[in-house]
Amino acid sequence: MFEFPSSTKVDRPFKIKELLKLINADKETRQESQNIESITMVNAISEQTTSLKPSKEVNEIYVLKITLLTEQTPYEFIRQLDRSIRFQVLFEIWHLYQVKYLMFYKGLGDKIAQYRLFETEWQTENLKPIEIVKDLTELYKLMLSSIANFNFRVNEPLRDWFDRFNEVEALQKEFKKIEEQMKTEIQPKKKFELNDKLREIYKKIEERK
């Protein structure tokens, strides 16, 4: 992911039992948590630690490192923990020498609204310098786009990016469905029609990316 400034370093461990109590975990979530070896807040990214201005959408970003005993990711535990934190959170999920990154796109209104979880594949750690950003929202956008592998347009609001991502994803699913139809279609005329549809959808995908 990114190499965050040393000024953001925290390295504060948490007791899993205390977190389970905090989120009022049910039986399923407690069972999931048995695969967690440790949880540590490794970075607290804020105006105080970076001089980047906050916003209503992004007032602070925590980086939490979760080390697992196996590759089985405790998604429900992570979802509930994220929902209990009134900041944006980047999760580093570790197992042995592999890591994957998770982040919810969420709104911080009167109630925390989790709209979608984005995650990477398992990978070896490859830290990159952070691009120059003007505020915490831009940094959050950088994290989201890196995990989702879907770039923001210039000055694009978070919600517009999210809607565009969902639109492109739906178009890609439709494209694959028609591709499968073409494989079994035997009528030449119908194949041409399907091929035309594919060209249309592909054009829409490229326009929305």
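A: Two residues are in contact when heavy atoms of theirs lie within 4.5 Å. On that rule, and leaving aside neighbours within four places in sequence, Glu-60 is in contact with Ala-44, Ile-45, Ser-46, Phe-87, Gln-88 and Leu-136. The model is predicted.

Glu-60 lies in a loop. Confidence in the protein chain is highest in S4, at a mean pLDDT of 98. The lowest mean, 87, belongs to strand S8 (residues 128-129). The chain average is 94, and 100% of the residues score at least 70.

Now the charge. Glu-60 is buried yet has no salt bridge. Its nearest side chain of opposite charge is Arg-12, 9.6 Å away. A salt bridge needs a side-chain nitrogen of Lys or Arg within 4 Å of a carboxyl oxygen of Asp or Glu.

Elsewhere, charged side chains do pair. The count comes to 13 salt bridges. One of them joins Glu-169 to Arg-116, with the closest N and O atoms 2.6 Å apart. This pair links distant parts of the chain: Glu-169 is in helix H6 (residues 158-184), Arg-116 is in strand S7 (residues 112-119), and 53 residues separate them. Glu-169 counts as partly exposed because its relative accessibility is 22%. Arg-116, at 25%, is also partly exposed.

Lys-141 forms a salt bridge with Glu-138, the closest N and O atoms being 3.5 Å apart. Both residues lie in helix H5 (residues 136-148), three residues apart, about one turn of the helix. Glu-138 is partly exposed, at 24%. Leu-136, one of the contacts of Glu-60, falls in the residue range of H5.

Lys-183 is exposed, with a relative accessible area of 63%. Glu-180 is partly exposed, at 46%.

Step back to the whole chain. Buried residues make up 44% of its 209 residues, and Glu-60 is a buried residue. The chain has 36 positive and 35 negative side chains, and the centres of the two sets lie 3 Å apart.

Notes
Residues numbered from 1 in each chain as written. Predicted model: local features only at pLDDT ≥ 70, side-chain atom pairs only at ≥ 80, totals over all residues. Heavy atoms only, no water. Buried < 20%, exposed > 50% of the residue type's maximum accessible area, 1.4 Å probe, protein only. Lys, Arg positive; Asp, Glu negative; His and termini not counted. Charge placed at Lys NZ, Arg CZ, Asp CG, Glu CD. Helix = DSSP H or I, 4+ residues; strand = E, 2+ residues; numbered from the N terminus. pLDDT = per-residue confidence, 0-100.
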